[in-house]
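Subject: Two-chain model for your review

Dear colleague,

I am handing over the structure below, and I would be grateful if you could look through it before we talk. My notes on what was found in it follow directly after.

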Amino acid sequence: MKGLFEATLLKTSLILDPFQVIVAVNKAVHQQKINKMMTKTVHSEILFSLSPRKNISNAFKTFGMGDKDTSVFVAILNDHDKSTMSVIQNLIKGRQVDPYQVSELTNLQSIKEVYNLSETELSVSNTLDAVVSRIASKDIVQV
Amino acid sequence: MSSKTLIKQGAEAKLYSATFHGRPCIVKERFKKSYRHPSLDQSLTNQRIKSEVRALLRSRMNGVRTPTVYFVDLETSQICMEEIRDSVTVRDYIMSVQKSQSLEDSIVQLKPLGRKIGETLAVLHQNNIVHGDLTTSNMLLQSDPMNLNLVMIDFGLSHFENLAEDKGVDLYVLERAILSTHPNSDEFFSEILDSYTQSNPGSADVIAKLDEVRMRGRKRTMVG
């Protein structure tokens with residue numbers, strides 16, 4: 001870690017849709033505003049928010065980009081002048097794609113395991129809604 | 001969250017329509033009750049928001065469709081959830097069916113809906129979710145009502161209890177609501193009870209309680 005930029009690097013296989021990240025970011029930013037973050041920075045709070053469980057290091061391991069991953073979902077906050085964006089674009093040797101294409105990299109099976117989604121639930125709800133519900137209500141209900 | 005417009009005001013909360021990052025949503029805001037002590041007010045409000053969110057999620061996990069929760073803000077007492085678009089309340093649907101055809105035909109047409117409601121309540125009660133405010137306005141039918149895509153809403157008075165008493169009261173409240181909002185709906189309610197009994201193995205106690213509650217009313221007599 002050299003501190004070149006501040007961003008959250010997420011594991012693409014556990015991201016279903018950019019909206020899932022938006023809900024987690026929304027929550028992380030809210031926690032920061034009211035000074036109730038569980039982790040040290042708002043970027044790590046995004047990782048923590050994404051996780052359905054309360055174990056911080058576990059959340060980092062599960063949702064953070066891994067050493068062997070060949071793709072990454074980057075979340076940047078407050079980058080109005082696109083400075084962080086350009087630093088990251090220069091550092092990552094790869095092809096940049098539309099965020100909505102993340103669905104091509106999703107591993108549905110691991111999403112179901114991590115978020116504990118049952119077939120009963122998926123019979124009345126789409127996977128994204130099931131995941132988003134858990135992220136939003138994590139502080140209140142543990143699954 | 002973008003600007004919000006008031007769509008409904010109840011005794012406990014205000015409902016706004018808004019958008020949440022591009023998606024239409026409903027914001028349910030519980031307002032302050034100035035007649036209560038501020039700290040009591042805050043803790044009651046928080047408790048109710050929490051139990052609502054819990055019930056929404058637990059119902060969905062057990063296969064009952066409820067609105068997706070997008071964001072919960074305990075500071076401003078708001079829940080931001082999915083707007084169920086292209087839907088009618090069961091109340092409006094029953095009224096339109098009864099209006100458009102003869103009594104006999106409407107009883108036949110509403111039968112499948114009664115079955116579906118009974119099955120849904122059985123699932124909730126088997127998982128110890130007591131809705132607390134079952135009315136035909138708190139049930140929505142999404143897209144074509146004939147498909148019976150039943151969505152349960154407003155879990156604001158819900159709680160988790162494995163007591164036949166509470167479940168009986170839940171059914172009693174629904175019975176009162178149906179019989180008083182919809183004329184000639186006796187058969188509709190008995191259809192609900194029938195399918196409830198069939199899908200819920202533990203229903204005998206609940207039905208016994210329902211009969212008891214019918215005799216005395218919703219509130220237990222607290223004498224002595």
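In chain B, three strands make an open sheet in the order 6-8-9, with antiparallel pairing, where two strands pair if DSSP finds at least two bridges between them, and where helices (H or I, at least four residues) and strands (E, at least two) are DSSP runs numbered from the N terminus. The model is a predicted one, in which local features need pLDDT of at least 70 and side-chain atom pairs count only at pLDDT 80 or more, while totals for chains, interfaces and linings use all residues. Residues are numbered from 1 along each chain as its sequence is written, and chains are lettered from A and ligands numbered from 1 in the order in which they are written.

Strand 8 (residues 139-142) and strand 9 (residues 149-152) of chain B are joined in the antiparallel sense by four bridges; L140(B) has V151(B) as its bridge partner, and Q142(B) stands opposite N149(B). These two strands of chain B form a hairpin with six residues between them, and S143(B) in the turn has a positive phi of about 50 degrees.

Helix 2 (residues 90-100) of chain B lies across strand 6 and strand 8 of chain B, running at about 80 degrees to strand 6, where two residues are in contact if their C-beta atoms, placed from the backbone, lie within 7 Å. The axes of helix 2 and helix 3 (residues 103-126) of chain B come within 8 Å and cross at roughly 150 degrees, which makes helix 2 of chain B roughly antiparallel to helix 3 of chain B (angles under 35 degrees count as roughly parallel, over 145 as roughly antiparallel, 65 to 115 as roughly perpendicular and the rest as oblique). In this contact, I94(B), V97(B) and Q98(B) of helix 2 meet S106(B), Q109(B) and L110(B) of helix 3. By class, the contact of helix 2 with helix 3 of chain B has three nonpolar, three polar and no charged residues, where Ala, Val, Leu, Ile, Met, Phe, Trp, Tyr, Cys and Pro count as nonpolar, Asp, Glu, Lys and Arg as charged, and the others, Gly among them, as polar.

Chain B also holds an open sheet of five strands in the order 1-2-3-5-4, again with antiparallel pairing. Its edge strands are strand 1 (5-9) and strand 4 (69-73) of chain B, each of which pairs on one side only, and neighbouring strands of this sheet are turned by 25 degrees against each other on average, direction ignored. Strand 3 (residues 23-30) and strand 5 (residues 78-82) of chain B run antiparallel and are joined by five bridges, with V27(B) standing opposite C80(B). Helix 1 (residues 38-61) of chain B lies across strand 3, strand 4 and strand 5 of chain B, at about 165 degrees to strand 4.

Turning to chain A, the secondary structure comes to seven helices and two strands, which follow the pattern β-α-α-α-β-α-α-α-α along the sequence. Helix 1 (residues 18-33) and helix 2 (residues 42-50) of chain A pack at an angle of about 125 degrees, with their axes 8 Å apart, and these two helices of chain A are therefore oblique to each other. The residues of this contact in chain A divide into seven nonpolar, three polar and two charged.

Between the chains, 19 residues of chain A are in contact with 18 residues of chain B. The elements giving two or more residues to the side of chain A that touches chain B are helix 1, helix 6 (119-122) and helix 7 (127-137) of chain A, and by class that side has eight nonpolar, eight polar and three charged residues.

Terms used. Axes are lines fitted to C-alpha atoms, for helices over the stretch in contact, and angles run from 0 to 180 degrees between N-to-C directions.
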